Amino acid sequence: MIIDYDVLVLGAGLAGMRAALEAKRRGASVGVLSKVHPLRSHSGAAEGGINAALDPGDSWEIHAFDTIKGSDYLADQDAVEIMCREAPRDLIEMEHMGVVFFRGPDGKLGTRAFGGASKARTYFVADITGQALLNALYDTILKEGVKTHDEWFATALYVPDGTCRGAVAIDMLRGELHLLRAKAVILAAGGMGRVYEPSTNALICTGDGHALAYRAGAPLMDMEMVQYHPTTLKGTGFLMTEGARGEGAYLTNKDGERFMQRYAPKMMELASRDVVSRSETIELAEGRGVDGCVYLDLRHLGAELIHKKLPQIHEIALNFLGLDMVEVPIPIRPGMHYIMGGVKTDSDGATPLAGLYAAGECACVSVHGGNRLGANSLLDTLVFGRRAGAHSADYVKSVKPLESGEEFLKSEQQRIQALLDRPYKGETHARLRLELGTLMDDKVGVYRDEAGLQDALAKVRAIQARAQSVSVQDKGRIYNQALLFALELDYMIDCAEATIMSAIERKESRGAQARSDYPKRDDANWLKHILVTQTPGADPKISYQPVTITKWQPMERTY
Ligand SMILES: Cc1cc2nc3c(=O)[nH]c(=O)nc-3n(C[C@H](O)[C@H](O)[C@H](O)COP(=O)(O)OP(=O)(O)OC[C@H]3O[C@@H](n4cnc5c(N)ncnc54)[C@H](O)[C@@H]3O)c2cc1C
């Protein structure tokens with residue numbers, strides 16, 4: 001079947017739904033595609049909150065400076081200015097849409113402190129902020145007539161004559177492939193957390209959007225910048241929100257010492273995430289951890305605060321480790337959390353590939369540069385989702401409808417059928433996913449060096465070759481998850497390749513890229529973005545893009 005829209009949004013998390021709403025309000029016909037029910041998108045897992053400089057004692061300039069310093073001066077400052085100026089309007093809009101943000105005893109919106117922020121500007125709904133935002137947006141897009149295709153899995157972008165004109169997707173319930181033809185496509189497919197094992201991300205975060213754009217020839221930018229969150233639970237890797245430290249929790253080592261005093265005497269536990277994750281890694285390497293972990297200690301906050309403001313993480317630690325954080329410190333370690341890099345866009349979400357937009361975690365505007373501040377990602381999804389929706393709705397007005405596409409749909413059907421027809425033997429997607437994830441965590445984690453990265457690249461290329469012979473056991477059509485896992489594996493391998501190539505290229509330490517063989521930041525040579533573009537029949541191509549500096553010159557970064 002071929003279905004036509006003006007704007008096709010690939011992804012129904014916060015970025016996708018915000019984009020869809022805006023495009024629809026501006027008169028475009030809009031379809032949204034999501035491989036899970038929209039409310040199951042990873043945005044729903046966001047705990048801590050969303051940043052905006054709303055308080056009279058705060059300003060968008062201070063928010064922008066914190067963001068730029070947090071990015072280790074790699075963020076594009078014009079884009080950061082837009083995000084921080086527009087943050088209050090998007091936050092208030094979400095409140096009007098029905099999100100019940102926390103209010104203090106005076107009835108005013110209340111904030112919590114967050115890492116790398118010089119003012120408390122994080123607005124929140126207990127520790128379920130993402131879920132609250134997602135529900136409000138979902139209600140609204142349904143009310144305003146946006147069509148969603150839930151549990152449809154995108155397999156390829158349709159790019160005739162160098163312009164993006166839609167996507168092919170599998171309707172998982174029926175196992176049929178369809179072409180969703182459009183005048184513009186907005187990629188909002190989220191992060192690539194599962195390229196690492198463990199990760200705080202949901203199992204569905206497999207970098208599909210990054211890879212679809214990469215395959216279509218759009219450049220990926222800042223891909224070496226992979227954020228490790230300082231507080232992920234021992235074993236499972238579940239996130240223990242930064243909101244805990246925002247409320248005053250301590251980080252301690254095996255001697256009960258608040259070790260952050262050695263690394264960030266001013267901001268302590270609330271230094272930026274790259275700094276805290278490196279500090280923990282040093283504590284562990286120097287033998288001051290227990291069983292590969294340090295501790296998150298909330299005991300002094302008291303039962304009432306924990307139950308009221310941090311109920312979800314309290315329950316997670318209790319259910320998964322049998323530990324009650326009211327009584328005992330919780331073992332945690334740094335874990336993969338977020339990808340700063342993504343499909344390169346301008347501040348209206350447009351990518352260099354005509355007709356293709358991107359927003360949210362799969363995009364790179366770049367407002368996070370080398371390191372994202374906590375609670376700036378939800379903000380990024382709303383501001384740049386809205387802007388991509390608006391710009392695409394204007395763009396499609398001058399685009400003519402297409403008749404073609406049958407051939408492309410057929411070729412995708414054949415490609416998928418060939419995978420299904422492969423007899424079940426040899427490599428499995430599960431084994432390769434695990435190998436890939438542990439390799440990335442081991443060699444492309446908090447600290448990196450040339451030998452480890454070259455080794456990782458060789459191994460990823462070997463995994464890529466082995467993935468060609470992956471077969472799936474389930475040969476049926478209905479909800480064939482094995483088939484989707486195999487397709488996702490290919491997306492993950494593309495993301496891993498782009499990340500490692502960028503990490504090899506950047507011969508300095510900046511933000512989340514900590515090279516033990518190049519320990520210093522080197523503004524003279526590396527104050528620039530690295531882009532990776534796939535080229536047919538050859539190795540991916542590396543290119544550069546200058547960092548936009550408006551008024552904040554790079555300085556030494558201390559917390
Ligand atoms: C545990 C956790 C806690 C977090 N807490 C915070 C926080 O407190 N504050 C903050 O600012 N940030 C937080 N973040 C980061 C933030 O939540 C995410 O970066 C953001 O929500 C991403 O939104 P998105 O719309 O880009 O993508 P997502 O919400 O991940 O949505 C992606 C969408 O794309 C769809 N999709 C993907 N691939 C395909 C495909 N092949 N075919 C069809 N559909 C597809 C999915 O179905 C989904 O609907 C947290 C992240 C995690 C993992």
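The points below take the model's basis, then the helix pairs, then the ligand.

1. This is a predicted model, in which local features need pLDDT of at least 70 and side-chain atom pairs count only at pLDDT 80 or more, while totals for chains, interfaces and linings use all residues. Residues are numbered from 1 along each chain as its sequence is written, and side-chain values use heavy atoms, with hydrogens and water left out.

2. Helix H14 (residues 450-467) packs on helix H15 (residues 481-505) at about 160°, their axes 10 Å apart. Helices are DSSP runs (H or I, at least four residues) numbered from the N terminus; axes are lines fitted to C-alpha atoms over the stretch in contact, with angles from 0 to 180 degrees between N-to-C directions. H14 and H15 are therefore roughly antiparallel (over 145 degrees).

3. The contact of H14 with H15 (heavy atoms within 4.5 Å) includes Leu453, Leu457 and Val460 of H14 and Ile493, Ile500 and Ile504 of H15. Its residues divide into 13 nonpolar, two polar and five charged.

4. Helix H13 (residues 429-443) also meets H15, the axes coming within 10 Å and crossing at roughly 25°. That makes H13 roughly parallel to H15 (under 35 degrees). Among the contact residues are Leu432, Leu436 and Met440 of H13, and Phe485 and Met492 of H15.

5. The ligand is surrounded by 38 residues, the closest being Ser41, His42, Ser43, Glu361 and Ser377; a surrounding residue has a heavy atom within 4 Å. A backbone N or O atom of Ala12 lies 2.8 Å from a ligand oxygen atom, and one of Leu14 lies 3.2 Å from a ligand oxygen atom.

How values were computed: Helices (H or I, at least four residues) and strands (E, at least two) are DSSP runs, numbered from the N terminus. Angles under 35 degrees count as roughly parallel, over 145 as roughly antiparallel, 65 to 115 as roughly perpendicular and the rest as oblique. Ala, Val, Leu, Ile, Met, Phe, Trp, Tyr, Cys and Pro count as nonpolar, Asp, Glu, Lys and Arg as charged, and the others, Gly among them, as polar. A polar contact is a pair of N or O atoms within 3.5 Å; within protein, one must be able to donate a hydrogen and the other to accept it, and residues adjacent in sequence count only if both atoms are side-chain atoms.
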